[in-house]
Amino acid sequence: MKKKVVILFGGNSSEHLISCKSAGSILSNIDKDKYDVIPVAISKDNIWYYYQDEIAKIENWSNAKIEKIDNIVSFLQSIDVVFPIIHGNTGEDGKIQGFFELFDIKYVGSNTLTNSVCLEKEFTKIICSKYNIPVAPYIVVRKNDDIENIALPFNYPVIVKPVDSGSSIGINICKNKEELVKNINYAYKFSNKLLVEKFIKARELECAVLIDNSNLHITKVGEITYNSEFYDYDSKYVNAGNTYIPSTIPSSVEQEIHSYIKTVVKILDIKQISRIDFLYDEVNNKVYLIEVNTLPGFTKTSMYPELLKYDGISYKDLITNLIENA
């Protein structure tokens with residue numbers, strides 16, 4: 001008998017569209033001979049629906065054929081595994097995982113605590129710094145702080161980031177105080193808590209992690225180049241830059257990154273899946289942890305499946321591995 005697998009996507013985060021793109025790619029590659037696949041979409045106002053239309057319509061699914069799910073818990077308890085490919089808030093902040101755990105529903109990925117800590121960039125920095133993993137210098141800014149009189153412990157340029165969103169949403173570089181104030185106010189649209197980091201001119205590196213029971217697979221380090229000042233939303237999903245797998249960084253730097261990843265996986269209790277991102281300042285030969293993604297993108301341009309593909313793990317086999325080991 002086929003396992004019943006729910007591909008859960010959408011949600012009310014700023015990454016709703018990216019989640020739909022990821023779900024479309026998974027639905028196009030999942031082994032339908034092995035699984036009874038049930039796509040489920042969550043609207044921006046948190047209503048759950050069976051998605052009953054073709055994959056091509058999934059990015060604008062509210063106009064597709066859908067059917068409301070009236071009893072969500074009863075429905076989920078009738079299936080075998082949920083693959084929640086909801087990026088950002090509600091999907092990567094531990095909320096949906098806590099819901100699954102409350103009702104004993106099997107799901108792909110890390111637990112509630114790991115997701116909530118990894119999405120919150122300051123918490124990730126605090127914990128990783130304690131284990132001597134280098135992070136970029138930063139300060140925290142909260143809603144209602146006096147941003148006109150911020151005392152920066154480093155020089156411009158700086159980069160402003162919401163602490164709990166991904167896909168580079170709400171992130172901007174600031175070259176002076178005027179730009180800083182403007183971009184802080186813009187980032188408040190996405191979070192009430194922000195990071196102001198020292199901007200480091202560096203190479204953008206990404207590494208995929210796949211954990212099969214106790215077996216830790218860390219891929220080669222991949223690199224992304226782009227035409228913008230930093231790896232922003234447009235560079236990721238609109239005018240995609242170039243990707244290189246593997247990167248041309250020195251082997252000693254890759255070994256350093258792999259060592260950091262082993263520590264990160266252990267201290268943050270990561271399960272099954274993660275993409276961990278770094279900066280490499282080659283002028284000063286310095287590596288910095290950027291962030292830990294517990295549900296990385298699965299779109300057709302996403303690095304996570306591409307990194308594993310380079311190591312001989314096909315997209316279909318990757319999805320099967322995650323479902324079977326949930």
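Strand β3 and strand β4 (residues 66-68) pair in the antiparallel sense over three bridges, where pairing requires that DSSP finds at least two bridges between two strands. Strands are DSSP runs of E with at least two residues, helices are runs of H or I with at least four, and both are numbered from the N terminus. This is a predicted model, in which local features need pLDDT of at least 70 and side-chain atom pairs count only at pLDDT 80 or more, while totals for chains, interfaces and linings use all residues. Residues are numbered from 1 along each chain as its sequence is written, and side-chain values use heavy atoms, without hydrogens and water.

Strand β3 (residues 48-51) also pairs with strand β2 (residues 35-42), again in the antiparallel sense over three bridges. β2 and β3 form a hairpin with five residues between them, and Asn46 in the turn has a positive phi of about 65°.

| Residue | Opposite residue |
|---|---|
| Tyr51 | Ile66 in β4 |

Helix α1 (residues 16-29) and helix α10 (residues 315-324) have axes that come within 9 Å and cross at roughly 100°. Axes are lines fitted to C-alpha atoms, for helices over the stretch in contact, and angles run from 0 to 180 degrees between N-to-C directions. α1 is therefore roughly perpendicular to α10, a term for angles of 65 to 115 degrees. Ser22, Ser25, Ile26 and Asn29 of α1 meet Tyr315, Lys316 and Ile319 of α10, contact being heavy atoms within 4.5 Å.

Overall, the protein has ten helices and 15 strands. Buried residues, those under 20% relative accessible area (1.4 Å probe, protein chains only), make up 54% of the 326 residues.

Conventions:
Angles under 35 degrees count as roughly parallel, over 145 as roughly antiparallel, 65 to 115 as roughly perpendicular and the rest as oblique. Buried means under 20% relative accessible area, exposed over 50%, partly exposed in between (1.4 Å probe, protein chains only).
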